[in-house]
Amino acid sequence: PEGSLLTEVGAKQFMDVLREFRGEAAVSEWRALQQFMEPLAKASVALPPASFRSDPGVVLTAGKYLPNALGSLSPAALGLTGSFRDLVKGVVKDEFIVNWLDLLCFLLSGQDAGGTIAAEVAFMFNEWYQPNCELDFPVGGSQAMADALVGQGLRKYGGKLKLGAHVEEILVEGGEARGGR
């Protein structure tokens, strides 16, 4: 709704966009977000995003990285296991920035900030604002990825995809999932 804009990954050019569309208050808010995210980005690199979960199993998946990561952890880092929206609540108020973060989260996970794990976004904050950073997208977009998974993966091996279907039972044979009923 704000209009059309062309922006790049990186700190400086996005600050110019923020200044143009929202003014100095939004630029200040973005800088505050970057400062808030800096120690969390370091923690997310110390603990790989794939190790985070939102259930007690996080002890198993993230626990093995803790000895090397203790120096970069803080109480705020516990928020990395929740949603990004919950993590930045109170830090981000500007509607443009909220929408921008939802877009970035969607590009990362296919969900808005409420459905994207904070560790993933913190990890990307560490990458996006480095010199010479690039953000790549698959040819054909995320739909091309889904089409390849279904067409070249599932259907190629005789599988069928049924959307909105109720699953009563997962059929397991030899310790592997073989279908649903």
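This is a predicted model: local features need pLDDT of at least 70, side-chain atom pairs count only at pLDDT 80 or more; totals for chains, interfaces and linings use all residues.
Show what surrounds it: beyond its neighbours within four places in sequence, leucine 101 is in contact with Trp30, Leu33, Phe84, Val92 and Phe125.

Now widen the selection to the largest nonpolar core, which has 34 residues. Leu101 belongs to the group that touches the most other members, along with Trp30, Met37, Leu80, Phe84 and Phe125. Colour the helices next: H1 (11–22), H2 (24–46), H3 (58–63), H5 (84–88), H6 (95–109) and H7 (118–128) each supply at least two residues of this core.

Stay with H7 for a moment. Which of its residues are buried? Pick out Ala118, Ala119, Val121, Ala122, Met124, Phe125 and Trp128. Look at what lies against them, and you will find H2, H5 and H6.

Time to turn to the charged side chains.

- Select arginine 19 and glutamate 24, whose side chains meet in a salt bridge at 2.5 Å, N to O.
- Move on to arginine 85 and aspartate 112, where the closest N and O atoms of the salt bridge are 3.6 Å apart. This pair links distant parts of the chain, 27 residues apart: arginine 85 sits in helix H5, and aspartate 112 in the loop between H6 and H7.
- Finish at lysine 89 and aspartate 86, which form a salt bridge at 3.5 Å, N to O. Lysine 89 is exposed, at 61% relative accessible area, whereas aspartate 86 is partly exposed, at 48%.

Notes. Residues are numbered from 1 along each chain as its sequence is written. Side-chain values use heavy atoms; hydrogens and water are left out. A nonpolar core is a set of buried Ala, Val, Leu, Ile, Met, Phe, Trp, Tyr and Cys residues joined through side-chain atoms within 4.5 Å. Buried means under 20% relative accessible area, exposed over 50%, partly exposed in between (1.4 Å probe, protein chains only). Helices (H or I, at least four residues) and strands (E, at least two) are DSSP runs, numbered from the N terminus. Contact means heavy atoms within 4.5 Å. A salt bridge is a side-chain nitrogen of Lys or Arg within 4 Å of a carboxyl oxygen of Asp or Glu.
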